[in-house]
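Grab your viewer and let's work through a few exercises. Each one starts with a task and then walks through the solution.

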Amino acid sequence: MAGWGALAILAAAVSYAVAFADMGRKLTGKGTAPMSLSAAQLLTATALSTTALPVGGLESGHISAVGVIAVVILGIFGTGFTFALNYRLIADEGATNAATVGHLLPVVSVALGALLLGEALTFRIVAGMVVVLAGVGLTRWQKRTNSASPLVTAGQTGGSRTTVH
């Protein structure tokens, strides 16, 4: 039997997939700028998070200027612009293609860890990276049509040929 943690991970994965489809269907391409969508989402998340303050404890923590600056910089550049780019990507490429970015993050992280930090790359890790890259590649794969040679069909009269473009 799965524990609560496993069920929470499953719920998060389902929510992630549903969120991209919902954003693509209901939010993007409606004339609202991606930056506005991002700002609205982050402000709503901030407001909803404040409801957890009474439950999470009201202990006063040490607030420093460096900490506040770090939160603001990470919030604007690490989250705000990323959300705006995400909405733009959904509008330009579609929800399915935009969602593949999330699958590439672990591949890039593991590769950077191996290159920059000397972390070990085992066969299982490399195989997992190949599976992820193949899956992302399959979402981008389209059957090519031969557009160089137009279709030629027999015409209505006397066997003349008509070119179809």
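Helices here are DSSP runs of H or I with at least four residues, strands are runs of E with at least two, and both are numbered from the N terminus. Before you start: this is a predicted model, where local features need pLDDT of at least 70, side-chain atom pairs count only at pLDDT 80 or more, and totals for chains, interfaces and linings use all residues. Residues are numbered from 1 along each chain as its sequence is written, and side-chain values use heavy atoms, with hydrogens and water left out.

**Exercise 1. Get the layout of the chain.**

Work out how many helices and strands the protein chain has.

Step 1: Count the elements, and you get 6 helices and 2 strands.
Step 2: Check burial, where buried means under 20% relative accessible area, exposed over 50%, and partly exposed in between (1.4 Å probe, protein chains only). By that cut-off, 12% of the 165 residues of the protein chain are buried.
Step 3: Look at contacts, meaning heavy atoms within 4.5 Å. Take those between residues at least 6 apart in sequence, and 59% of them join residues at least 24 apart.

**Exercise 2. Test the helix lengths.**

Compare the end-to-end span of α1, α4 and α5 with what you'd expect at 1.5 Å a residue.

Step 1: Start with α1, whose 24 residues reach 32 Å from first C-alpha to last, close to the expected 34 Å. Just after α1, glycine 29 has a positive phi of about 75°.
Step 2: Move to α4, where 29 residues should span 42 Å; the end C-alpha atoms sit 40 Å apart, so the two agree. Glycine 94 follows α4, with a positive phi near 100°.
Step 3: Finish with α5, whose 23 residues should span 33 Å, and the end C-alpha atoms are 33 Å apart, so that agrees too. Glycine 118 comes after α5, and its phi is positive, near 70°.

**Exercise 3. Find the bends.**

Step 1: In α5, the bend is about 30° at leucine 104, and proline 106 follows within four residues.

**Exercise 4. See what's buried, and under what.**

Which residues of α4 and α5 are buried?

Step 1: For α4, the buried residues are Gly80, Ala84, Tyr87 and Ile90. Their cover includes α1, α2 (34–50) and α5.
Step 2: For α5, the buried set includes Ala95, Asn97, Val107 and Ala114. Here the cover includes α1, α4 and α6 (123–140).
Step 3: Zoom in on threonine 100 in α5. Its relative accessibility is 8%, so threonine 100 counts as buried. Skipping residues up to four places away in sequence, threonine 100 touches Val136 and Thr139.
Step 4: Do likewise for glycine 113, also in helix α5. Glycine 113 counts as buried because its relative accessibility is 5%. Beyond four places in sequence, glycine 113 is in contact with Gly118 and Glu119.

**Exercise 5. Describe the largest pocket.**

Which element gives the most residues to the lining of the largest pocket?

Step 1: Size it up: the largest pocket holds about 370 Å³ of space, a volume being the space filled by probe spheres set on the points, which are joined across faces, edges and corners.
Step 2: Of its 17 lining residues, Tyr16, Phe20, Thr82, Phe83 and Asn86 are closest to the centre.
Step 3: The top contributor to the lining is α4, with 6 residues.

How values were computed: On a 1 Å grid over the protein atoms alone, a cavity is a set of points where a 1.4 Å probe fits but cannot get out, and a pocket is an open set with protein on both sides within 12 Å along at least five of seven lines; lining residues have an atom within 4 Å of a point. The expected span of a helix is 1.5 Å times one less than its number of residues. The bend at a residue is the angle between axes fitted to the seven residues ending there and the seven starting there.
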